[in-house]
Amino acid sequence: MSRTESVDVVVVGGGPAGATAGSLLAKAGHTVLILERETFPRYHIGESMVSGMAPLMEELGLVEELDARFRPKSGITLRWGRDPEPWRSDFSAAFSATGSHFTHAWHVTRSEFDELMLDNARKLGAMVHEAAQVTKVLQDETGRVTGVAYTQDGETHQVTARFVVDASGQGRLLTRQLTETSWQEDLRNVAVWTYFDSYTPIEDKDDILVEAIQGGGWVWGIPLSETKLSMGYVLPAEMLAEQTRGGRTQRDVFLDCLKDSHVAKKMVDVAALGDLSTTRDWSHVCDTFHGPGWAAVGDAAAFIDPLFSSGVWLGTSGAWLAARALDAALKDEGREEQVLERFDSLYRQLFKDILAYVRFFMDPTRLREEYEERAREIGNMVTQSSRVGFVSMISGVSAVADVVDFDPMSAEEVEGVMQEWDEQAAASQEAGEGDEERSLAQEAHAS
Ligand SMILES: Cc1cc2nc3c(=O)[nH]c(=O)nc-3n(C[C@H](O)[C@H](O)[C@H](O)COP(=O)(O)OP(=O)(O)OC[C@H]3O[C@@H](n4cnc5c(N)ncnc54)[C@H](O)[C@@H]3O)c2cc1C
């Protein structure tokens, strides 16, 4: 029988971004319903995490479990640019420069990781319906989003909510309908990937391998376990289309990529190449990540080529920001637009920084030092070391302080207090007490 529910927040999609938003809002005491169309565990690509995610995993209470279940990722080994030899960046360098206790990230089997995240959302108090496909966005006469309709077990149900979070990944349930999406033409790529059941590790065996291929594109090697390796080839969609003309298959293209590689081909036995999967890998961003009654996070909001494995970090960071903004808006309706605007602008900045750097890095003709220096500049790093700047940028660590310290209310509070003191100072000036009063007020506020 159809039912109508009512909650504070309904989250569309139970992937890492949706599970994060749902977990944190439930933890903050709000009623949350996560609707996920699949039944977990379900397959997903995107297996290499970056260390910038560690503080969020700590906030969610998951670090120990991740350490116990998944392979640590200690850095990235690159064969890229004009240097003929592979070079590496160690994740721990980025955190130790900030005095943090974190050292590493994880390589994960996404079906298990995503299930762990969603189960954790349940533990933290969110309701989760699986096999529940959202089919419609509900809006009132002003256009404000007020809930969704979904189908489960052949029935259609409705849920009304003060806020809807679109975390539907590439499905983009709300954002497809409510925003303009820009597709980054220069990052219109395709990925073709497979798994090997045995492999020869690279020297730093817990690193991801990222290697540029002479003819175009790049290859990843992700050591999921001692025996299982995920390997994929990312290349421009046009190039794949050209290379598969005249009866050539994706398998031929993948084999050519391995033949042209220097490091990747030494890791695997090409004769053991199994089935290949493929997907579009086209970077995009919505013109807004929020509107009346809704916010978007994860791939539903923005997606960047997986060159630096930034997808889950970006999506879950956005969800962490959104959760704090929505918590503030739920507590004080009058602040909705301001707090969502603040969430939107910081999240967009994270996206823009990574995108700018991915674009710079995609040119494989530079020297290591050039890549490193540019990363330090974009990441707005205080460190003078471009090597640390580089690893901080690509691991998300350079943005950790902004994400962790984000308080959607603080700037407003400061503005409010300063305005109050300005008024007091003006009143005292009129009474002849002058500027001294204001500077004393400012000093007191700063301390
Ligand atoms: C080739 C490739 C390689 C990648 N490699 C990496 C990597 O190494 N590291 C990394 O961090 N990222 C990587 N990514 C990116 C990463 O996979 C995504 O950024 C990440 O999964 C986004 O998380 P999400 O929660 O936004 O979306 P998803 O993980 O896709 O979750 C969205 C969920 O919403 C559900 N859903 C969709 N529509 C509906 C609906 N109508 N109703 C209910 N539920 C719905 C889906 O079933 C899904 O479970 C890669 C991406 C590609 C394409």
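In this predicted model, Ala131 lies in the loop between strand E7 (127–129) and strand E8 (133–139). Its phi is positive, at about 50 degrees, although Ala131 is not a glycine. The residue is partly exposed, with a relative accessible area of 35%.

Ser309 also carries a positive phi without being a glycine, here of about 55 degrees. Ser309 is found in the loop between strand E18 (302–303) and H10. Its relative accessibility is 12%, below the 20% limit, so Ser309 counts as buried.

A further backbone feature concerns Pro41. The peptide bond from Phe40 to Pro41 is cis, with omega near 0 degrees. Pro41 lies in the loop between E2 and H2.

Helix H1 covers residues 16–27. Its twelve residues should span 16 Å at 1.5 Å a residue. The end C-alpha atoms are 16 Å apart, which agrees with that expectation. Eleven of the twelve residues are buried, so H1 is largely enclosed by the rest of the structure. The buried set runs through Pro16, Ala17, Gly18, Ala19, Thr20, Ala21, Gly22, Ser23, Leu24, Leu25 and Ala26. The strands among the partners are E1 (4–12), E2 (32–35) and E10 (155–166). The helices are H2 (54–59), H5 and H10 (311–331). Gly29 follows H1 and has a positive phi, near 100 degrees.

A backbone N or O atom of Glu47 lies 3.5 Å from a ligand oxygen atom. For Arg37, a polar backbone atom is 3.1 Å from a nitrogen atom of the ligand. There are 35 residues around the ligand. Of these, Glu36, His44, Ser48, Asp299 and Val312 come nearest.

Aromatic pairing was examined next. The structure holds 19 aromatic pairs. One of them joins Phe70 and Phe113, with ring centres 6.4 Å apart. Their planes meet at 65 degrees; over 60 counts as edge-to-face, so this pair is edge-to-face. Phe70 lies in the loop between helix H3 (63–69) and strand E3 (71–73). Phe113 belongs to helix H5 (residues 110–123). The pair therefore ties together parts that are 43 residues apart in sequence. Both partners are shielded by the stated criterion: Phe70 counts as buried at 7% relative accessibility, and Phe113 is buried with a relative accessible area of 1%.

A second pair has another geometry. The ring centres of Phe361 and Phe390 are 6.1 Å apart. Their planes lie at 25 degrees, under the 30-degree limit, so the pair is stacked. Phe361 sits in helix H11 (residues 336–362), and Phe390 sits in helix H13 (residues 386–395). The contact thus ties together parts that are 29 residues apart in sequence. Phe361 and Phe390 are buried.

Phe361 and Phe390 also belong to a cluster linked by ring pairs. Arg374 lies over the face of one member, Phe360, at 5.7 Å from the ring centre. Elsewhere, the charged end of Arg348 sits over the ring of Phe289. The distance to that ring centre is 4.0 Å.

Glu372 is found in helix H12. At 1% relative accessibility, Glu372 counts as buried. Beyond residues up to four places away in sequence, Glu372 touches Trp87, Tyr357, Ser386, Arg387 and Phe390.

Pro364 lies in the loop between H11 and helix H12 (368–378). With 38% relative accessibility, Pro364 counts as partly exposed. Leaving out residues up to four places away in sequence, Pro364 touches Trp80, Gly81, Arg82, Ala212 and Tyr371. Pro364 and Tyr233 are 131 residues apart in sequence. Their C-alpha atoms are 15 Å apart in space.

Conventions: Residues are numbered from 1 along each chain as its sequence is written. This is a predicted model: local features need pLDDT of at least 70, side-chain atom pairs count only at pLDDT 80 or more; totals for chains, interfaces and linings use all residues. Side-chain values use heavy atoms; hydrogens and water are left out. Rings of Phe, Tyr and Trp (its six-membered ring) pair if their centres lie within 6.5 Å; planes under 30 degrees apart count as stacked, over 60 as edge-to-face and the rest as tilted. Helices (H or I, at least four residues) and strands (E, at least two) are DSSP runs, numbered from the N terminus. Buried means under 20% relative accessible area, exposed over 50%, partly exposed in between (1.4 Å probe, protein chains only). A charge sits over a ring if NZ of Lys or CZ of Arg is within 6 Å of the ring centre and within 35 degrees of the ring normal. The expected span of a helix is 1.5 Å times one less than its number of residues. Contact means heavy atoms within 4.5 Å. A residue is near a molecule or strand if one of its heavy atoms lies within 4 Å of it. A polar contact is a pair of N or O atoms within 3.5 Å; within protein, one must be able to donate a hydrogen and the other to accept it, and residues adjacent in sequence count only if both atoms are side-chain atoms.
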